[in-house]
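Let's take a walk through the charged pairs of this protein. Have the model open and follow along.

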Number of protein chains: 2
Amino acid sequence: MALVVQKFGGTSVGSIERIRNVARRALATQKAGNDVVVIVSAMSGETNRLLALAQEMAKIPDAREMDVVAATGEQVSAALTAMAIHVEGGEARSLLGHQVKILTDGAFSKARIKTIQGTKIFDTLKKGRIAVVAGFQGVDENGDITTLGRGGSDTTAVAVAAAIGANACEIYTDVDGVYTTDPNICPSAKKIPRISYEEMLELASLGAKVLQIRSVEIAMKYGVPVHVRTSFSDAEGTWVTGEDKALEDVVVAGVAYEKNEARVHVVNVPDKPGIVAELFGDIADKNISVDMIIQNVSREGQDRANVTFTLAKTDLARAKNFIEEVAKRLGASGVRYDEDVVKVSIVGLGMRSHAGIAAKMFRLLANEGINIQAISTSEIKVSCLIHAKYTELAVRTLHDGFIGNK
Amino acid sequence: MALVVQKFGGTSVGSIERIRNVARRALATQKAGNDVVVIVSAMSGETNRLLALAQEMAKIPDAREMDVVAATGEQVSAALTAMAIHVEGGEARSLLGHQVKILTDGAFSKARIKTIQGTKIFDTLKKGRIAVVAGFQGVDENGDITTLGRGGSDTTAVAVAAAIGANACEIYTDVDGVYTTDPNICPSAKKIPRISYEEMLELASLGAKVLQIRSVEIAMKYGVPVHVRTSFSDAEGTWVTGEDKALEDVVVAGVAYEKNEARVHVVNVPDKPGIVAELFGDIADKNISVDMIIQNVSREGQDRANVTFTLAKTDLARAKNFIEEVAKRLGASGVRYDEDVVKVSIVGLGMRSHAGIAAKMFRLLANEGINIQAISTSEIKVSCLIHAKYTELAVRTLHDGFIGNK
């Protein structure tokens, strides 16, 4: 007998009929001898409807009240799921964030979980009932309702699984697992049966948006085995777990790409100590995350350097004026932008013990005539910035070169 | 400086623009030097939408979960109202049933309020904020969400006003007060400036559906002055208050009618002790409320009686089979039904000290050729059952005969 947490996203609870399917699956898991905790998102479209309603009231709605509105989406789907379990002949109780209770900090719309009490969940399970927990929501020290931000139900699921010591946390989604790369642009992409938390973190942050990154961090911290799978079949999906020997033998687990990158080129910055620190310190103060950074000595003279970095394309508009102002203050001769870039990355635990992986990546790209504009590396990842027009070609080349094309 | 509770119904918060009006009114009341607590219903149509969603899931949805779904209607409108107050330059906090907290019994969908804690409300007011309380909802001893049943926001408003010792409870609705009778069928109907709790109870239960009857009971119990008024103008409406000399001088305060009546005629019941008690005991066991009761000696013999009673037309279908079964068991010779009936009533504190009011009522009806099928009286009310076709004529006749036609 195991203790299983099952999380169903917005698509999986997107209609009355789909919620019935969720109920049947949870009951089947219970009948197989398990205690079952179900975590649900809002029905697909509902969160957007609620946001639109609030934004009709105020362009920037009061953050505290926005969370009170947003939390109703999961409240409704949790209660409907409990109803569905009753209809299917089982017993269930919905539990909201403040009932569980899931205590968070007070950062409305992006709260972080501090503690989770398991008592109400265990009381429910002890009576042979399925506990249906509303995802995405919590309550702060003042008793105010908070939400965890988009995709927060994954975080709820993994955090609940950690708090109650669940044997597994199943994340049901509309894809059947994590793939070695995007199957839409690379037909030879394969489902990964097992992947480590570390690899999943790198793949998630690089664009394989299957699992909320924070939920993977929590799973890794508490060692919760996560099973990403589809709610439309019984097929096994992808297990995200701790490292072991078998996983380390895989050199490259996946190939990711990130289109939301823009390159900024600050030309002819005086090459004095502290100048680069000032530039990036000022950017960080504006809450803009910088990704890759390259500093070159300028061709025009020994005392000047060019600084290149990338940031999220979606941040570029609000960053432009500010970057130009800083560049001017630092004595740079100009700033150039390039939005036609994409970052391709290879990720794998095995890189730590295999030499020459980066070199092979550069060679594979060069063979296709793809110029590399920037490089960044970590222990288990190598990323290259290239022209956006090569995205598909680069992904296919790297995938087939490292993982194979069958 | 007064402490004022303002309750806004579904129509008053039926759109973003209307919620803005609610915010403006609450802020104006605050600026006039008052502490303001706002109680809101769900946006009109929302509760029905939620009920329909639940009923799509289950014909009879689990009662506990139904309340979890239903409570989201008021949760959203309370948060939107707080947002609107911010937009209008004020400060506000929404408070849900479990936050206030409004402790109820565990009777889902028709819970009764046990206690209300005022601390969170007072904390909010002390900071110069308007407290926006979600109507209709509470929480039971287990922390489960409960709802008070249809019209429950009136009850929340009056109960909160009693709990915090408010100087007045304003009920905003789409009519501008309580009228002496239905203006739709009697053009001389007048707005009543003041009426006693007792009269309001009789008028409410008789069909003048302006105020939830339970809210009037609570207002009477705690002596909360209630002001029923429209949210579409600043006009004074109707004050519902305790008795005083001026109110007692009014003989008939209002004329009400109730169309939801059906007459049941049980023919030739053996006239033995306990038979009638058995009949009505069995009916009560089925949770069917009987209104008027008349027992006549049958013309066919001294040992047999006819029993006539009325019940809600909406209960008749489910009661019919059962009544016939009981009648047969008791030895009655048959049961007849009449749905073409209406109950007209006159209500007034002054009746207690004025003789001949009932006689005048019968005479007024007789003058118009209206036959009286049944009569019931209380200290401050006389009701007559008549054929439904005379409804409008009877109401106008009684109104103009007792209250005047100007």
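**Salt bridges across the chain**

Start with Arg229(A), which is buried at a relative accessible area of 8% (buried is under 20%, exposed over 50%, partly exposed in between, using a 1.4 Å probe and protein chains only). Its partner in a salt bridge is Glu170(A), at 3.1 Å from N to O (the term asks for a side-chain nitrogen of Lys or Arg within 4 Å of a carboxyl oxygen of Asp or Glu). The two sit 59 residues apart, Arg229(A) in strand β11 (226-230) and Glu170(A) in strand β9 (168-173); helices (H or I, at least four residues) and strands (E, at least two) are DSSP runs numbered from the N terminus. Glu170(A) is buried too, at 11%.

This is a predicted model, where local features need pLDDT of at least 70 and side-chain atom pairs pLDDT 80 or more, while totals for chains, interfaces and linings use all residues. Residues count from 1 along each chain as written, chains are lettered from A and ligands numbered from 1 in written order, and side-chain values use heavy atoms, without hydrogens and water.

Next, Arg352(A) pairs with Glu243(A), with 2.9 Å between the closest N and O atoms.

Now look at Asp282(A) and Arg329(A), another salt bridge at 2.9 Å. Asp282(A) is in helix α10 and Arg329(A) in helix α11, so the pair links parts 47 residues apart. Here Asp282(A) is buried at 18%, whereas Arg329(A) is partly exposed at 48%.
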